[in-house]
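Please read it alongside the sequence and the three-dimensional view shown below.

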Amino acid sequence: MDLEALYRDLHSHPELAFTEHRTAGIVAERLTDLGVDEVHTGIATTGVVGVLRNGDGPTVLLRADMDALPVREQTGLPWASTQTVTDEAGNAIPLMHACGHDIHITCLLGAVESLAASRSDWAGTLVALFQPAEEHGGGAQVMVDDDLYEKVPVPDVVLGQHVLPLPAGMVGAHPGPAMAAVDTMEVTLHGRGGHGSQPHTTVDPVVMAAATVMRLQTVVAREIAPHDTAVVTVGTLHAGTKNNIIAAEATLGISVRSFNEEVRQRVLEGVDRVIEAESQASGAPQAPDREWGERYPVTVNEPEAAERVNAAFAAEFGADNVFDPGALSGSEDVGNLATAAGAPLVYWMLGGADPEAVRRAVEAGTVDTDIPTNHSPYFAPLPQPTIDTGVRALVVAAREWLA
Ligand code: ZN
Ligand code: ZN
C-alpha cells in the first residue's frame with residue numbers, strides 16, 4: 001500500500017465527528033483488500049473494525065481515531081485541505097485534520113498490512129478499530145454502547161498512539177496517568193437585556209461574564225495544591241449583537257482538566273461556586289444553566305504493560321529514540337475501549353515534527369512559537385519518518401502480545 005499517498009488523500013478530505021463517511025469507506029475498502037477475516041462497519045455511525053484471526057492466542061486491539069476539526073488550514077502544503085461543511089445557519093465551516101488523526105488511520109492500515117503479510121510469525125487475533133468522533137461526541141463510548149464487544153472479540157490489551165509535535169522518529173509511553181480527564185460544559189448566564197444607555201434598568205451579562213471568567217482563573221491558582229495540577233479554560237464567550245444593546249444572556253464554553261478524581265471534584269465544585277456566586281453578585285434574575293459536553297476520564301497506561309511496550313520500542317528503534325512524554329494535559333477517550341473490555345491500555349506518543357526544526361527551535365528558545373501544536377492551523381506532521389515509525393510502533397507493540 002502506498003501509505004504516503006493514502007495519508008495525503010485523507011489529509012485533503014477531513015470530516016467532522018460522526019460524519020467520517022468517506023474516510024470510513026476508504027478504511028473498510030482497504031481492510032477488505034488486505035484480506036482481513038471480518039470488516040464491521042457502521043458501529044456508532046461511522047466506526048469500522050477489521051478482525052484478523054490467526055489461531056489461538058491473545059486478542060490485541062489497535063485503535064485509530066478518524067475525525068478532523070473545524071480549522072481553516074494554513075500549512076500551505078500541496079495536500080492542504082480546502083474542504084468546508086455548511087452548518088445549520090448556512091455558514092461554511094472550514095475543515096482540517098489539525099490533530100493528526102489522518103496519521104493514525106494511515107499507520108493503523110499500514111500495521112494491518114504488515115501483520116496480515118506475516119501471519120506465520122504470530123498467533124492470536126488482531127482487532128483494528130477505527131473510531132469516529134474523538135474530538136467531539138465521545139465516539140469510543142458510543143462504539144462500546146453500540147454493542148462493540150458483542151460484534152468483535154474482547155481484547156486482552158488495547159493499544160494506540162497519538163502524533164505530537166516532538167521530533168519525528170521518536171516514540172514513548174508514559175506509565176500511569178498519562179493524559180488528563182476533561183470535563184466540558186456550556187454555561188448560560190442570565191441577565192436582563194435593555195438599552196445600552198440605561199444600564200441601571202438591566203442586569204448586564206457581559207460584565208457578569210467578564211467577572212466570572214477572571215474569577216474562574218483563581219480556582220486552580222488559589223484552591224489547588226502546588227503539587228497537583230489542573231487547568232480551567234474558558235474557550236468560548238458569547239454575548240450580544242450590537243454596541244448599544246445590553247444582551248439578555250452570555251454563554252461560556254469551559255473545559256476543566258485534571259489528573260485525579262479528588263482534584264477533579266474540587267475544581268468542578270470551585271467552578272460551580274464561582275459561576276453561581278458571580279451570577280448572584282450581579283443580581284441575575286435567574287440562576288445560571290449548565291449543560292455538560294465531553295467528559296473523558298483520565299487516560300491511564302497500565303504501568304507494567306507500558307514498560308513492556310517501551311522496552312520493545314527501545315529494541316526496535318534504539319533507546320535514544322524512546323522518550324517519556326510525561327503526563328499530558330490533553331485528553332482522550334481511548335481509555336473507554338479498555339475499561340469496557342477490562343483490559344490494560346497502552347497509549348503512546350509518536351513524534352511528528354521535523355527533527356531539525358525542533359533542534360533549531362530548542363536552541364533558540366522558540367519552540368512555543370515555531371513548532372505548531374495539534375489543533376493549530378499550521379500543524380503539519382512530517383509524513384516520513386512519522387508514518388514508518390507509527391506503523392512499526394503498532395506492529396512491535398502488538399507483537400508483544402501476539403505470541
Ligand atoms: Zn485533538
Ligand atoms: Zn487527537
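His 11 is buried, its relative accessible area being 1%. This value, like every other in this briefing, comes from a predicted model. The residue belongs to helix H1, which covers residues 3-12.

- Apart from neighbours within four places in sequence, His 11 is in contact with Glu 73, Trp 79, Ala 80, Ser 81, His 97 and Asp 102.
- His 11 and Thr 241 are 230 residues apart along the chain, and their C-alpha atoms are separated by 36 Å.
- Helix H1 packs with helix H2 (residues 21-33); the two axes come within 10 Å and cross at roughly 160°.
- Because angles over 145 degrees count as roughly antiparallel, H1 and H2 are roughly antiparallel to each other.
- The crossing of H1 with H2 is right-handed.
- On the H1 side, Leu 6, Asp 9 and Leu 10 take part in the contact, and they meet Arg 22, Thr 23, Ile 26 and Arg 30 of H2.
- The residues of this contact between H1 and H2 comprise three nonpolar, one polar and three charged.

**H3 against H12**

- Helix H3 (residues 101-116) packs against helix H12 (residues 383-401) at an angle of about 55°, and their axes are 8 Å apart.
- This angle makes H3 oblique to H12.
- H3 and H12 form a right-handed crossing.
- H3 contributes Ile 103, Thr 106, Cys 107, Leu 108, Gly 110, Ala 111, Ser 114 and Leu 115 to the contact, while H12 contributes Thr 386, Ile 387, Gly 390, Val 391, Leu 394, Val 395, Ala 398 and Arg 399.
- Of the residues in the contact of H3 with H12, 10 are nonpolar, five are polar and one is charged.

- The axes of helix H6 (residues 205-223) and H7 come within 9 Å of each other and cross at roughly 150°.
- H6 and H7 are therefore roughly antiparallel, and the crossing of H6 and H7 is right-handed.
- The contact draws on Met 208, Ala 211, Thr 212, Arg 215, Leu 216, Val 219 and Glu 223 of H6, together with Arg 266, Val 267, Gly 270, Val 271, Arg 273, Val 274, Ile 275, Glu 278 and Ser 279 of H7.
- By class, eight residues in the contact of H6 with H7 are nonpolar, three are polar and five are charged.
- Ser 279 lies in H7, which spans residues 261-281, and counts as buried at 3% relative accessibility.
- With residues up to four places away in sequence left out, Ser 279 touches Met 208, Ala 284, Gln 286 and Pro 288.

- Ala 133 is not a glycine, yet has a positive phi of about 55°.
- The position of Ala 133 is in the loop between strand E6 (124-131) and helix H4 (139-145), and at 0% relative accessibility Ala 133 counts as buried.
- Asp 147, also a residue other than glycine, has a positive phi near 60°.
- Asp 147 sits in the loop between H4 and helix H5 (148-151), where Asp 147 is partly exposed, with a relative accessible area of 38%.

How values were computed. Residues are numbered from 1 along each chain as its sequence is written. Chains are lettered from A and ligands numbered from 1 in the order in which they are written. This is a predicted model: local features need pLDDT of at least 70, side-chain atom pairs count only at pLDDT 80 or more; totals for chains, interfaces and linings use all residues. Side-chain values use heavy atoms; hydrogens and water are left out. Axes are lines fitted to C-alpha atoms, for helices over the stretch in contact, and angles run from 0 to 180 degrees between N-to-C directions. Helices (H or I, at least four residues) and strands (E, at least two) are DSSP runs, numbered from the N terminus. Angles under 35 degrees count as roughly parallel, over 145 as roughly antiparallel, 65 to 115 as roughly perpendicular and the rest as oblique. A crossing is left-handed if the near helix is turned anticlockwise from the far one by less than a right angle, and right-handed if clockwise. Contact means heavy atoms within 4.5 Å. Ala, Val, Leu, Ile, Met, Phe, Trp, Tyr, Cys and Pro count as nonpolar, Asp, Glu, Lys and Arg as charged, and the others, Gly among them, as polar. Buried means under 20% relative accessible area, exposed over 50%, partly exposed in between (1.4 Å probe, protein chains only).
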